Amino acid sequence: MSAADAPAGDTGRAGGARASTAVQAATGPQKITWLTLALMTTSSVASLRAAPTMAVYGLACVFLYLLPAVVFLLPTALVSAELASGWSGGVYNWVAQGLTKPLAFLAVWCQFAMTIFYYPSLLAFVASTISYAINPSLASNGVYTAIVIVVLYWTGVWVSSRGTNAVAGLASWGLIIGTLIPGTLLVLLGLVFLGQGNSSAAPMNAAHLFPEWTGVASLVLIVNNFLSYSGMEMNAVHVNKLRNPAKEFPKSMFLAMGMVLLIFILPALAISWVIPSDQLSLTAGVMQAFDAFFQYFHVGWLVPIVAFALCAASLGGMLTWLAGPSKGLLLISRQEGYLPPFLQRLNKHGIQQNILVTQGLVTTLIALLYALIPNVSSVYWIFSVITTQVYLIMYLLMFLAAIQLRRKQPDHPRGYRAPLLTTLCVVGFVASALAMAIGFIPSSQFGSGNAWAYVGIVGGGLLLLGVVIPFAFLKARKPSWRQPDAATDEAAVS
């Protein structure tokens with residue numbers, strides 16, 4: 001996905017991009033309003049899945065969301081808008097034009113590879129959510145979580161391999177079903193809860209506006225917010241559909257950023273009002289809060305309904321991610337011969353089934369870690385960090401490519417020119433690099449686990465997915481792997 005959101009913001013990113021492409025192909029280029037683009041961006045980025053992660057910090061979550069929004073979300077949005085308005089082909093072409101083709105493949109690979117760890121962490125959230133409709137104690141059961149991940153992932157592969165159009169419809173409702181309605185309900189319940197004189201589980205005074213400083217590790221959870229804001233480069237492709245991109249795109253992005261922050265911050269605060277941080281599960285935190293509120297207001301029968309809504313939205317997001325990044329990797333690999341013919345093969349529905357199945361085997365092995373490591377929250381956090389680390393490689397390359405393209409092709413036509421582009425790129429690059437470095441520091445959510453084991457797992461995952469595998473493909477690459485005609489035909493069909 002690109003990710004996508006991601007990536008999260010977990011639902012609608014890939015689906016929204018494909019839907020808009022299909023509409024344009026059928027009806028020709030259409031103009032959209034800046035408000036429409038703001039809503040599209042909000043739907044592709046916002047999600048409730050990360051709320052428990054920041055609820056641990058109570059009121060300080062406001063700062064922990066605002067900081068990456070300013071140093072990462074905003075630079076990503078404005079820089080990718082200039083790139084998208086001047087060069088078609090997405091991040092591959094941006095990095096290929098600005099840097100080199102091998103680095104462009106690395107960028108596209110990282111968009112795809114991050115999903116290898118994204119799926120287990122997303123489906124762990126689904127497993128914990130489902131448990132509240134069955135037996136809440138299962139939320140911390142690693143074997144149960146592993147089984148759900150494996151079953152749901154392979155079901156998703158089966159659905160995606162059949163090329164069903166239902167995927168796009170399911171994902172497009174994700175924002176409403178799984179984010180806006182549950183998020184609004186959660187906040188309203190929290191406000192009524194406090195309004196009735198109940199005290200907040202987390203302090204809500206000025207002394208707690210910033211996280212308690214206990215060393216660098218006290219800010220580690222901020223790394224996960226970079227992934228929460230990922231996927232902005234996908235929405236940048238719509239910049240040329242605005243009537244006045246130079247004025248309307250920044251306005252759209254600032255509005256979207258405000259809405260995204262509200263969706264991220266308010267539910268996180270609501271969770272912190274009712275669940276003490278030392279009792280909060282990173283995978284089941286949303287349902288913990290709903291369960292506590294519903295029991296307090298004597299409407300416990302709503303628990304399975306909300307659980308279903310959250311699961312439906314998350315599964316819709318997974319299905320769009322299954323189809324999106326792997327399809328982009330397939331097309332680039334056919335044009336340039338980056339993957340062996342076996343992985344380029346399509347099934348009778350025109351779906352890259354071999355890529356999905358190979359990815360599924362790795363996902364299954366990763367899921368087993370949930371059964372082997374007692375603390376589900378620890379595994380969830382480790383996978384979230386690895387996902388972020390791999391994806392940030394793509395952003396580092398994108399920022400470098402943007403600087404080079406402005407320097408090497410200053411007169412290339414662009415529908416939008418980002419103000420202070422070099423400054424934005426430097427800020428985004430440094431923020432991304434620091435986020436990667438901080439990600440190697442175990443957070444409190446890792447519990448009493450061995451710190452070096454944590455560093456080894458995160459570093460090993462980053463090295464394997466972000467360096468070893470892509471360069472092994474580049475090293476083994478053969479001219480006979482290229483199928484440019486097939487790639488062109490497939491792109492036309494898509």
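This report describes helix packing, salt bridges and a surface patch in a predicted model.

## Helix 4 against helix 12

Helix 4, which covers residues 61–86, packs against helix 12, residues 245–274, with the two axes 10 Å apart and an angle of about 150° between them. Because angles over 145 degrees count as roughly antiparallel, helix 4 is roughly antiparallel to helix 12. The crossing in which helix 4 passes helix 12 is right-handed.

On the helix 4 side, the residues that meet helix 12 include Cys-61, Val-62, Tyr-65, Leu-66, Ala-69 and Leu-73, as well as Leu-74, Ala-77, Leu-78 and Ala-81. Their counterparts in helix 12 include Phe-249, Pro-250, Met-253, Phe-254 and Met-257, together with Leu-261, Phe-264, Ile-265, Ala-268 and Leu-269.

## Helix 6 and its two partners

Helix 5 (residues 90–98) packs with helix 6 at an angle of about 155°, their axes being 7 Å apart, and this angle makes helix 5 roughly antiparallel to helix 6. Helix 5 passes helix 6 in a right-handed crossing. Val-91, Tyr-92, Val-95 and Ala-96 of helix 5 make this contact with Lys-101, Leu-103, Ala-104, Phe-105, Ala-107, Val-108 and Gln-111 of helix 6.

Helix 6 (residues 101–134) also crosses helix 16 (residues 353–372), at roughly 50° and with axes that come within 10 Å; the two helices are therefore oblique to each other. This crossing, too, is right-handed. From helix 6, the contact is made by Phe-112, Thr-115, Ile-116, Phe-117, Tyr-119, Pro-120, Ser-121 and Ala-124, and from helix 16 by Ile-355, Gln-359, Val-362, Thr-363, Ile-366 and Tyr-370.

## Salt bridges

Side chains of opposite charge can pair when their charged atoms come close. With a salt bridge taken as a side-chain nitrogen of Lys or Arg within 4 Å of a carboxyl oxygen of Asp or Glu, the count comes to four.

One of these joins the side chains of Arg-406 and Glu-82, with an N to O distance of 2.6 Å.

## A nonpolar surface patch

Leu-463, Leu-464, Val-467, Val-468 and Phe-471 form a nonpolar patch on the surface, and their accessible area together is about 420 Å². Within this group, Leu-463 is placed in helix 19, which covers residues 451–476.

Note on methods. Residues are numbered from 1 along each chain as its sequence is written. This is a predicted model: local features need pLDDT of at least 70, side-chain atom pairs count only at pLDDT 80 or more; totals for chains, interfaces and linings use all residues. Side-chain values use heavy atoms; hydrogens and water are left out. Patches are made of residues with over 30% relative accessible area and no salt bridge: like charges are joined within 9 Å, nonpolar side chains (Val, Leu, Ile, Met, Phe, Trp, Tyr) within 5 Å. Accessible areas come from the Shrake-Rupley method with a 1.4 Å probe; for residues, only the protein chains shown count as cover. Helices (H or I, at least four residues) and strands (E, at least two) are DSSP runs, numbered from the N terminus. Axes are lines fitted to C-alpha atoms, for helices over the stretch in contact, and angles run from 0 to 180 degrees between N-to-C directions. Angles under 35 degrees count as roughly parallel, over 145 as roughly antiparallel, 65 to 115 as roughly perpendicular and the rest as oblique. A crossing is left-handed if the near helix is turned anticlockwise from the far one by less than a right angle, and right-handed if clockwise. Contact means heavy atoms within 4.5 Å.
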